[in-house]
Amino acid sequence: MSYCELCGKHAAEKKMVVVDGTVFKVCMSCSKHGKPYTPSQVPTAAKKKKAAPAPTQRQAKIGMADDLVLDPEFPRLIREARMKKGVTHEQLGMQMNEKANLLRRFETGSLKPDELFAKKLERHLGIKLYVSASAAAEKEEK
Ligand SMILES: [Zn+2]
């Protein structure tokens with residue numbers, strides 16, 4: 001006895017088809033839903049795809065574990081990077097689609113950018129606002 005792997009019905013005659021990169025033995029009516037199975041192509045490609053992301057995921061985790069904090073000198077870093085670009089708070093705010101008033105407050109240090117905003121600043125200004133926790137502590141001591 002053999003059963004269709006998709007609908008579960010008993011199937012005297014079965015076909016091998018590929019659905020979402022997985023090979024199924026299915027009945028004739030279900031075989032219409034998948035692509036015909038060709039041994040040389042699909043399974044190896046699927047295997048390679050699955051194997052590849054593992055190392056990168058591990059690397060990302062290590063990166064996360066490395067304690068990164070906002071550089072205590074962020075007001076100066078933002079200000080200097082903005083001046084270098086020769087743009088005003090308003091212009092930079094327009095570019096970033098953010099309020100110029102927030103940028104002013106970051107530069108005076110009266111407000112700390114949250115992670116999302118800081119990352120945005122890093123991208124727009126080409127600076128690094130995050131440093132390792134130990135480096136930040138060293139800076140604060142000075
Ligand atoms: Zn079926």
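**Notes on the zinc site and Glu-122**

1. Start with the metal: the zinc ion is held by four protein donors, the SG atoms of Cys-4, Cys-7, Cys-27 and Cys-30, which sit 2.2 to 2.3 Å from it. Keep in mind as you look that this is a predicted model.

2. On geometry, the 4 donor atoms make angles of 101 to 116° and the zinc site is tetrahedral. Along the chain, the donor residues follow the spacing C-x2-C-x19-C-x2-C.

3. Take Cys-7 and Cys-30 as a pair: they are 23 residues apart and link distant parts of the chain. Cys-7 belongs to the segment before strand E1 (14-19), while Cys-30 is in the loop between strand E2 (22-27) and strand E3 (35-36).

4. Are those two cysteines buried or exposed? Cys-7 has 38% relative accessibility, so it counts as partly exposed. Cys-30 comes out at 9%, and because buried means under 20%, that puts Cys-30 in the buried class.

5. Now over to Glu-122, which you'll find in helix H6 (residues 115-125). Its relative accessibility is 8%, so Glu-122 counts as buried.

6. What does the side chain of Glu-122 reach? Another is the backbone nitrogen of Tyr-130, at 3.2 Å.

Conventions:
Residues are numbered from 1 along each chain as its sequence is written. This is a predicted model: local features need pLDDT of at least 70, side-chain atom pairs count only at pLDDT 80 or more; totals for chains, interfaces and linings use all residues. Side-chain values use heavy atoms; hydrogens and water are left out. Donors are N, O and S atoms within 2.8 Å of the metal (3.2 Å for Na, K and Ca); water is not among the atoms, so sites may look incomplete. Four donors count as tetrahedral if all angles lie between 85 and 135 degrees; four count as square planar and six as octahedral if opposite donors are over 155 degrees apart and all others between 65 and 115; anything else is irregular. Helices (H or I, at least four residues) and strands (E, at least two) are DSSP runs, numbered from the N terminus. Buried means under 20% relative accessible area, exposed over 50%, partly exposed in between (1.4 Å probe, protein chains only). A polar contact is a pair of N or O atoms within 3.5 Å; within protein, one must be able to donate a hydrogen and the other to accept it, and residues adjacent in sequence count only if both atoms are side-chain atoms.
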